[in-house]
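User: I want to learn how to read a structure residue by residue. Please take me through one.

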Amino acid sequence: MLSIYWKEINSFFSSLIAYIVIAVFLIMTGLFMWVFTETSILDYNYATLDQLFSIAPIVFLFLIPAVTMSTFAEEKQTGTIEFLATKPISDLSIVLGKYFANFTLVLFALLPTLIYYYSVHTLGSPPGNLDTGGILGSYIGLSLLAAVFVAIGMWTSSLTDNQIVAFVMGAFVCFFCHWAFTFLAKLPIFTGSLDSMISKMGINYHYSSISRGVLDSRDIIYFISMIIVFLMATHTAITWRKSN
């Protein structure tokens, strides 16, 4: 697994992929946090990073599928997936190695946003007047959200040898798992406890819960379960291809 992990990491940082991903993420979040007047912290008159944690899932919705779309689709297209299959490496090791490499790249994109925390911490009146616990919870929630999106993107990439198809499918499934259940729960046909049950099936409910600074074991278990389900689905897709 480690050999696959380092191979993927070297591939990211020896090309423009990693730098483009980090730059796009920082530019998009930076514009919403500091430039656009409707969401700018400078015009908000309140020390908070809510703008970052509101816009980041939307940016990740497109950015992460763009990163993961080549994970298996490109390997299938070029035939290198068959080369990997001849190596003494299990399919699970290949999946996990690629997963942790993609997730590491996303974490690298998140890391520079700590500058935003320092800036807001300094600009507060008095300095340091912000909810650090809530911000920490939001970072944990955003990391878990990214982890699920990476697993989803890898799964859709394992289903096709076309990177564009993998991207579109990945973005759609990420959107569905994150927001669709929240919208479905608001339909008038779901009443009583049923709407709450449907809402809890979506990522947004658990992400919002963690973002309040409360680390509930049920939310953590939900994210871990989602990651495992999609990684196992990816493993199944790769194994099935090898047997056919």
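Analyst: Start with contacts. A contact means heavy atoms within 4.5 Å. L159 touches K76, M169 and A237, with residues up to four places away in sequence not counted. The model is predicted: local features need pLDDT of at least 70, side-chain atom pairs count only at pLDDT 80 or more, and totals for chains, interfaces and linings use all residues. Residues are numbered from 1 along each chain as its sequence is written, and side-chain values use heavy atoms, with hydrogens and water left out.

User: Where does L159 lie?

Analyst: Elements come first. Helices (H or I, at least four residues) and strands (E, at least two) are DSSP runs, numbered from the N terminus. L159 sits in the loop between α8 and α9 (163–185). Along the chain, L159 and M232 are 73 residues apart, and their C-alpha atoms are separated by 13 Å.

User: How many helices and strands does the protein have?

Analyst: It has twelve helices and zero strands. From the N terminus on, the order reads α-α-α-α-α-α-α-α-α-α-α-α.

User: How do I judge the overall fold against a globule?

Analyst: With 244 residues, a compact globule would have a radius near 18 Å, and the protein has 19 Å, which agrees. Along the principal axes, the C-alpha atoms fill a box of roughly 60 × 50 × 30 Å. Buried residues make up 47% of the 244. Among contacts between residues at least 6 apart in sequence, 75% join residues at least 24 apart.

User: Which residues have the most contacts inside the largest nonpolar core?

Analyst: A nonpolar core is a set of buried Ala, Val, Leu, Ile, Met, Phe, Trp, Tyr and Cys residues joined through side-chain atoms within 4.5 Å. Here the largest has 60 residues, and F60 and I203 have the most contacts inside it. Helix α8 (residues 132–158) gives the most to this core, with 13 residues. Beyond four places in sequence, I203 is in contact with L145, V148, F149, C177, H178, Y222, F223 and M226.

User: Is E8 buried or exposed?

Analyst: E8 is buried, because its relative accessible area is 9%. E8 belongs to helix α1 (residues 2–13). It touches E75, K98 and A101, leaving out residues up to four places away. E8 and H235 are 227 residues apart in sequence, yet 18 Å apart in space, C-alpha to C-alpha.

User: What about Y19?

Analyst: Y19 counts as partly exposed, at 45% relative accessibility. Y19 is in helix α2 (residues 17–35). The C-alpha atoms of Y19 and F108 are separated by 9.7 Å, while the two are 89 residues apart along the chain.

User: How many positive and negative side chains are there?

Analyst: Count Lys and Arg as positive, Asp and Glu as negative; His and the chain ends are not counted. The protein has 10 positive and 13 negative side chains. Each charge is placed at NZ of Lys, CZ of Arg, CG of Asp or CD of Glu. The centres of the two sets lie 9 Å apart.

Technical notes:
Rg over C-alpha atoms; globule rule 2.2 N^0.38 Å. Buried < 20%, exposed > 50% of the residue type's maximum accessible area, 1.4 Å probe, protein only.
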